[in-house]
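Thanks for making time this morning.

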Amino acid sequence: MGQASSLIRTTNLQRTYQMGKNTVQALAGVDLEIERGTFVALVGPSGSGKSTLLNVIGGLDRPSSGEVWVDDLELGHAPDKKLVSFRRDRVGFIFQSFNLLPTNQAWENVALPLMLAGRGRSERRKRAEHLLDQVGLGDRADHRPAELSGGQQQRVAIARALANDPVLILADEPTGNLDSRTGRDVLLLMQRLVREQQVTLLMVTHDMNAASYADRIVHMRDGIIEQIEIVERTAEAVA
Ligand SMILES: Nc1ncnc2c1ncn2[C@@H]1O[C@H](COP(=O)(O)OP(=O)(O)OP(=O)(O)O)[C@@H](O)[C@H]1O
């Protein structure tokens with residue numbers, strides 16, 4: 001595949017942390033290429049560098065050396081202002097603990113990125129309702145997070161992550177706080193959104209069953225990529 005089709009490209013990506021006299025090498029030379037419109041799971045033992053890689057790709061942390069390209073932007077050397085607008089305009093984030101604002105209604109939570117982008121209230125409400133519809137919560141727009149189940153809250157968070165029409169969604173253990181059935185529904189929803197909207201989704205997980213919903217499973221160990229598994233799916237499983 002040529003460069004145009006890959007959304008993410010890292011070359012010899014390194015991230016070291018200085019802990020007193022010790023240097024921790026969280027990323028020890030990661031070469032990764034991810035095509036647009038793919039669902040990628042990042043797995044590996046605790047401390048293998050998964051969150052660090054997610055943070056660097058999301059523009060939340062900078063590499064110590066090497067390059068990280070997302071779309072047409074090299075994040076390692078981009079000015080801070082560019083990183084801020086990159087995160088706001090091009091990336092959606094999904095967290096293990098949902099991170100919804102408790103006093104805001106579902107639609108207001110979904111519309112938050114639109115508010116930060118300066119959109120008017122009626123446009124925000126309309127788009128938020130459309131997104132809630134897409135995640136199966138069209139009838140819950142006025143509910144507050146405490147009035148929703150865990151799975152519903154995570155679906156609100158997914159709708160929020162989609163609000164600015166991002167090229168990339170980063171999810172850190174998105175099913176970690178859900179029971180297995182609810183987690184499965186959330187994974188199927190993410191799978192469908194990737195397929196329908198050609199968004200690229202990068203998900204960190206400890207759970208190999210959750211990882212099996214992805215198109216690619218990237219295995220990390222000691223700060224490097226050990227293996228990339230291509231998940232074969234039968235036609236029925238996709239339908
Ligand atoms: N801010 C930091 N300061 C110092 N060391 C750090 C920092 N962040 C991460 N590390 C170290 O970098 C290594 C990789 O951490 P990282 O959080 O990326 O691993 P992980 O694979 O996401 O682990 P887990 O599955 O437990 O969340 C670990 O050894 C960790 O202790």
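H3 and H5 are roughly parallel to each other, because their axes cross at roughly 30 degrees and an angle under 35 degrees is counted in that class. Please keep in mind throughout that this is a predicted model. The axes of H3 and H5 come within 7 Å, and H3 passes H5 in a right-handed crossing. On the H3 side the contact is made by Ala106, Asn109, Val110, Leu112 and Pro113, while H5 supplies Val156, Ala159 and Arg160. Sorted by class, the residues of this contact are 6 nonpolar, 1 polar and 1 charged.

Let me turn to the other partner of this helix. Helix H3, residues 106-116, also packs against helix H4, residues 121-134, with their axes 8 Å apart and at an angle of about 120 degrees, and that makes H3 oblique to H4. The crossing of H3 and H4 is, again, right-handed. From H3 the contact draws on Ala106, Trp107, Val110, Ala111, Leu114 and Met115, and from H4 on Arg124, Arg125, Arg127, Ala128, Glu129, Leu131 and Leu132. By class, the contact of H3 with H4 has 9 nonpolar and 4 charged residues, with no polar ones.

Which residues does valine 110 touch, once those up to four places away in sequence are set aside? They are Ala128, Leu131, Leu132, Val156, Ala159, Arg160 and Ala163.

Aspartate 71, in the loop between strand E4 (65-70) and strand E5 (73-74), has a positive phi of about 60 degrees although it is not a glycine. Aspartate 165, in the loop between H5 and strand E7 (168-172), likewise is not a glycine and has a positive phi, of about 55 degrees. As to surroundings, aspartate 71 counts as partly exposed because it has 15 C-beta neighbours inside 10 Å, whereas aspartate 165, with 12 such neighbours inside 10 Å, counts as exposed.

Is tyrosine 213 buried or exposed? Tyrosine 213 is buried, since 24 other C-beta atoms lie within 10 Å, and its place is in the loop between helix H7 (208-211) and strand E9 (216-221). Leaving aside neighbours within four places in sequence, tyrosine 213 is in contact with Leu187 and Gln191.

I will finish with a glycine in a strand. Glycine 29 lies in strand E2, residues 22-35, and counts as partly exposed because it has 15 C-beta neighbours inside 10 Å. Not counting residues up to four places away in sequence, glycine 29 touches Asn12, Leu13, Gln14 and Ile224. The C-alpha atoms of glycine 29 and threonine 10, which are 19 residues apart along the chain, are separated by 9.1 Å.

Note on methods
Residues are numbered from 1 along each chain as its sequence is written. This is a predicted model: local features need pLDDT of at least 70, side-chain atom pairs count only at pLDDT 80 or more; totals for chains, interfaces and linings use all residues. Axes are lines fitted to C-alpha atoms, for helices over the stretch in contact, and angles run from 0 to 180 degrees between N-to-C directions. Helices (H or I, at least four residues) and strands (E, at least two) are DSSP runs, numbered from the N terminus. Angles under 35 degrees count as roughly parallel, over 145 as roughly antiparallel, 65 to 115 as roughly perpendicular and the rest as oblique. A crossing is left-handed if the near helix is turned anticlockwise from the far one by less than a right angle, and right-handed if clockwise. Two residues are in contact if their C-beta atoms, placed from the backbone, lie within 7 Å. Ala, Val, Leu, Ile, Met, Phe, Trp, Tyr, Cys and Pro count as nonpolar, Asp, Glu, Lys and Arg as charged, and the others, Gly among them, as polar. A residue is buried if 20 or more other C-beta atoms lie within 10 Å of its own, exposed if 12 or fewer, and partly exposed in between; C-beta atoms are placed from the backbone.
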